[in-house]
Amino acid sequence: LLDEVRALGAERINLSTYIDNKASIHILESNGFHRVGSFSYLEREEASVSMADVVNPGEVRPIAVDEMHAFMAESRYLSDSGGRVSHGWSFFPFDADPDRAIRGFCQRLGCVVEGRLRAAVGVYQHAKSVRSLSLGFLDGSNEGLRLLIEELSRRHPEHRMECMAPV
């Protein structure tokens with residue numbers, strides 16, 4: 001299969017497996033694959049976050065592609081993930097085509113405090129369930145992130161949220 005994919009001109013082949021699946025990891029590594037990032041799967045089914053105690057949490061607003069690009073390029077998320085953006089169980093190399101990665105988000109929200117973007121989230125509609133949202137990118141200040149998740153919960157109370165977070 002790998003030879004066929006190479007013959008078709010693939011420049012990069014990405015595979016993912018569970019972090020504790022030692023047999024799968026061994027097979028992949030013995031075939032020339034190497035780890036570029038490790039992720040933990042997280043999900044939440046109900047809104048339980050409250051920003052009531054935060055003095056100046058900031059303003060949540062949609063953010064433009066160029067603003068998202070600048071924030072992501074400097075983010076710890078990309079550094080920790082080996083430059084990959086999660087799209088469910090797939091991981092897109094951000095540096096290959098940043099605009100494609102960003103435009104793939106159905107929502108781009110930012111938390112702005114005193115005119116500065118402090119946190120951002122990029123959301124995909126989950127491919128297998130219309131009642132699930134996949135957070136493909138999530139980084140920034142703790143307060144900003146809580147505000148963004150609370151806003152997503154408010155906008156989509158019937159949706160389950162999931163995120164593949166780099167570890």
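**View 1. Cys-163 is a buried cysteine.** Its relative accessibility is 8%, and buried here means under 20% relative accessible area, exposed over 50%, and partly exposed in between (1.4 Å probe, protein chains only). Cys-106, at 47%, counts as partly exposed. The structure holds zero disulfides, a disulfide being a pair of cysteine sulfur atoms within 2.5 Å. This is a predicted model, in which local features need pLDDT of at least 70 and side-chain atom pairs count only at pLDDT 80 or more, while totals for chains, interfaces and linings use all residues. Residues are numbered from 1 along each chain as its sequence is written, and side-chain values use heavy atoms, with hydrogens and water left out.

**View 2. Ser-75 sits in the loop between helix 3 (65-73) and helix 4 (76-80).** Helices (H or I, at least four residues) and strands (E, at least two) are DSSP runs, numbered from the N terminus. Ser-75 is buried, with a relative accessible area of 7%. A polar atom of the Ser-75 side chain lies 3.1 Å from the backbone nitrogen of Leu-78. Leaving aside residues up to four places away in sequence, Ser-75 touches Phe-137 and Asp-139 (contact means heavy atoms within 4.5 Å).

**View 3. Helix 6 covers residues 142-155.** Its 14 residues should span 20 Å at 1.5 Å a residue, and the end C-alpha atoms are 20 Å apart, which agrees; the expected span is 1.5 Å times one less than the number of residues. Buried residues of helix 6 include Gly-144, Leu-148 and Leu-152.

Notes:
Polar contact = N/O pair within 3.5 Å; in protein donor to acceptor, adjacent residues only side chain to side chain.
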